[in-house]
Amino acid sequence: MTLTPDDWSAIRLTLELASIVTLLLLIIGTPLAWWLARSRSRWRGAVGAVVALPIVLPPTVLGFYLLVAMGPQGPVGQLTEALGLGRLPFTFAGLVVASLIYSLPFVVQPIQHAFMAMGERPLEVAATLRASPLETFFTVALPLARPGFVTAAILGFAHTVGEFGVVLMIGGNIPDQTRVLSMQIYNHVEALEYGQAHGLSAGLLVFSFVVLLGLNLLGGTRNTLGAGR
Amino acid sequence: MSGLSIHSRLQLADFTLDARLELPGKGVTALFGPSGSGKTTLLRCVAGLARATGRVEVNGACWQDDSRGFFLPTHKRALGYVFQEASLFTHLSVRANLDFGLKRIPASERKVGREAAMELLGIGHLLDRGTDTLSGGERQRVAIARALLTSPQLLLMDEPLAALDAKRKQEILPYLERLHDELAIPILYVSHASDEVARLADHLVLLEQGQVVASGPTTTMLARLDLPLAREEDAAVIIDTTVLAHDDGYQLTRLGFAGGGIQVPRRPLPVGAHARIKIQARDVSIALASDHRSSIVNRLPARIMGFGEALHPAQCLVRLELVGTPLLARITRLSRDQLGLSEGMAVVAQIKSVAVLA
């Protein structure tokens, strides 16, 4: 069994999607996790619940509403049209946006737990040593939360690689644009090309195992969503 | 204006801190009281880590004055803070921990150099170690040096010895005494251990349930019968003395102070050196006349200034004065009545044992 050019294209597209999404999520997720870990706002609980929604929601439900929102009648769709960006569904950009939402909790929660685990004390110590809040964040909070960031990046990446339901709803099956690995496996199965499906599936299986093994070896987490200590 | 002026009011769910203090601008001031009395909270308010309302002024520098809406955040206050438990940054080496504060101080404002701080606290050999390889005492010494390197105008110490065992405490106390002797800056020292207070404090603030019960020089505070300190089992007074002479034959050292002289087993101190001694109330007995047939060496003429209740109903406290220097004696009420002791009476204080602290 050899991988077809279509298979390679799906693999390349998947890695590209997961890399972009992970990078963006680390940038968006860090301030969000900081706020969730330290805010005393009464909105904290609600925001935390919204962030966690994709963990429990069937991906098809999430994908369906994203499709509606990004469609020509949806608020996001009208916004992107007004900005001259066109429509997001069935584009790579649409997949990125959907994946950001879909994988958000897997990045935010480990970072949030790491910020919470370090407690108030290191930040107070830094303040007594004349470090401004911003300096403290970069020189104390971020380094101390490093294991949480490693966990977050790995989980965010792996989770994006494995998504199917959301892609199906929002991205379709366009070669070189939205046909990611999980779609390609589905196509092979549909076409009864079990050998090809095995090749890609086994690859994903090994990939997932290696990721989890790596996490355990790092000692980063006790369970997949545990505190990143 | 020199001195510390602190007025902090903080309302918490089950506790109100309301402290007004005018403290000396140098030396060690101990904040002393039972746990839950608000010592640490007060220290945090002075540091700006807790947001009290009021005013904080340190030797002329205003850090907080809510009457004109002024509040300096912690990182802009020239303070050093030593926390109760080890607070070193675990992601940094000892050297990087020391530099964390130091590098934020402009070179022109640095009063304490890295070498001096390391020498003062004996941590030169630890520089390249990771913080997790240090003992509890070493960690605390590094934390103190780190705080000093920010050249603070006020050093705040929150029970820096509380998390250490007795042996480590003994290891670190001499360093704290050196701080006291060699630093020109005031130190606020939170403690609930009276032995630490006796060794280190020049000034003592007694806190209870968020209120200042009393504030004054340690020597007089320890001898006050109206304060709970005198009723403790190991109630004691401290006296600051000067080494007068050594007796080579009997291996004794003679110490002098305003109220007289005292002889202690010979100490390796030069004549003229300062020595702080502690005399426990239980080690002082009272005689009506100097008894030369007694084995007690230190017999000093004293005057009875008052009586107070002791912990056990069989005993009572007698406050004595040796020409300006207060002394406490704990005797039985039986002896008091048998000897007919009364206020104003001239007696002889017999001191069975003296602890030389430094």
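Two residues count as in contact here if their C-beta atoms, placed from the backbone, lie within 7 Å. Keep that in mind as we walk through this model, which is a predicted one.

**Two domains in chain B**

Let's start with chain B. Where they touch, five residues of domain 1 of chain B are in contact with six residues of domain 2 of chain B. On the domain 1 side of that contact, helix H7 (residues 218-222) of chain B gives the most, with four residues. Sort the residues on that domain 1 side by class and you get two nonpolar, three polar and no charged.

Next up are the strands. Strands of a sheet pair through backbone hydrogen bonds, either parallel or antiparallel.

| Strand order (chain B) | Number of strands | Pairing |
|---|---|---|
| E14-E13-E12-E15-E21 | five strands | antiparallel |
| E16-E20-E17-E18-E19 | five strands | antiparallel |

Take the sheet that begins with E14(B). Strand E14 (260-265) and strand E21 (355-356) of chain B each have a single partner strand, so one side of each is left without a neighbour in the sheet. Strand E13 (residues 252-257) of chain B is joined to E14(B) by six bridges, and the two run antiparallel. For one of the pairings, look at Leu252(B): its bridge partner in E14(B) is Pro265(B).

Now for the sheet that begins with E16(B). At its edges are strand E16 (284-287) and strand E19 (325-332) of chain B, and each pairs on one side only. Going from one strand to the next, the twist averages 45°. Inside this sheet, six bridges link strand E17 (residues 298-309) and strand E18 (residues 315-322) of chain B, again running antiparallel. Here you can find Glu309(B), whose bridge partner in E18(B) is Cys316(B).

**Where the chains meet**

**A helix pair in chain A**

Two packed helices are described by the angle between their axes and the distance between the axes. Helix H1 (residues 5-38) and helix H10 (residues 181-190) of chain A pack at about 150°, with axes 8 Å apart. Angles over 145 degrees count as roughly antiparallel, and H1(A) and H10(A) are therefore roughly antiparallel to each other.

Which residues do the touching? From H1(A) come Asp6(A), Asp7(A), Ala10(A), Ile11(A) and Thr14(A), and they meet Leu181(A), Met183(A) and Gln184(A) of H10(A). That contact has four nonpolar, two polar and two charged residues.

H10(A) also has several buried residues: Leu181(A), Ser182(A), Met183(A), Gln184(A), Ile185(A) and His188(A). The buried residues of H10(A) pack against H1, helix H8 (146-161), helix H9 (165-170) and helix H11 (194-218) of chain A. Just after H10(A), Leu192(A) takes a positive phi of about 60°.

Key: Residues are numbered from 1 along each chain as its sequence is written. Chains are lettered from A and ligands numbered from 1 in the order in which they are written. This is a predicted model: local features need pLDDT of at least 70, side-chain atom pairs count only at pLDDT 80 or more; totals for chains, interfaces and linings use all residues. Ala, Val, Leu, Ile, Met, Phe, Trp, Tyr, Cys and Pro count as nonpolar, Asp, Glu, Lys and Arg as charged, and the others, Gly among them, as polar. Two strands pair if DSSP finds at least two bridges between them. Axes are lines fitted to C-alpha atoms, for helices over the stretch in contact, and angles run from 0 to 180 degrees between N-to-C directions. Angles under 35 degrees count as roughly parallel, over 145 as roughly antiparallel, 65 to 115 as roughly perpendicular and the rest as oblique. A residue is buried if 20 or more other C-beta atoms lie within 10 Å of its own, exposed if 12 or fewer, and partly exposed in between; C-beta atoms are placed from the backbone.
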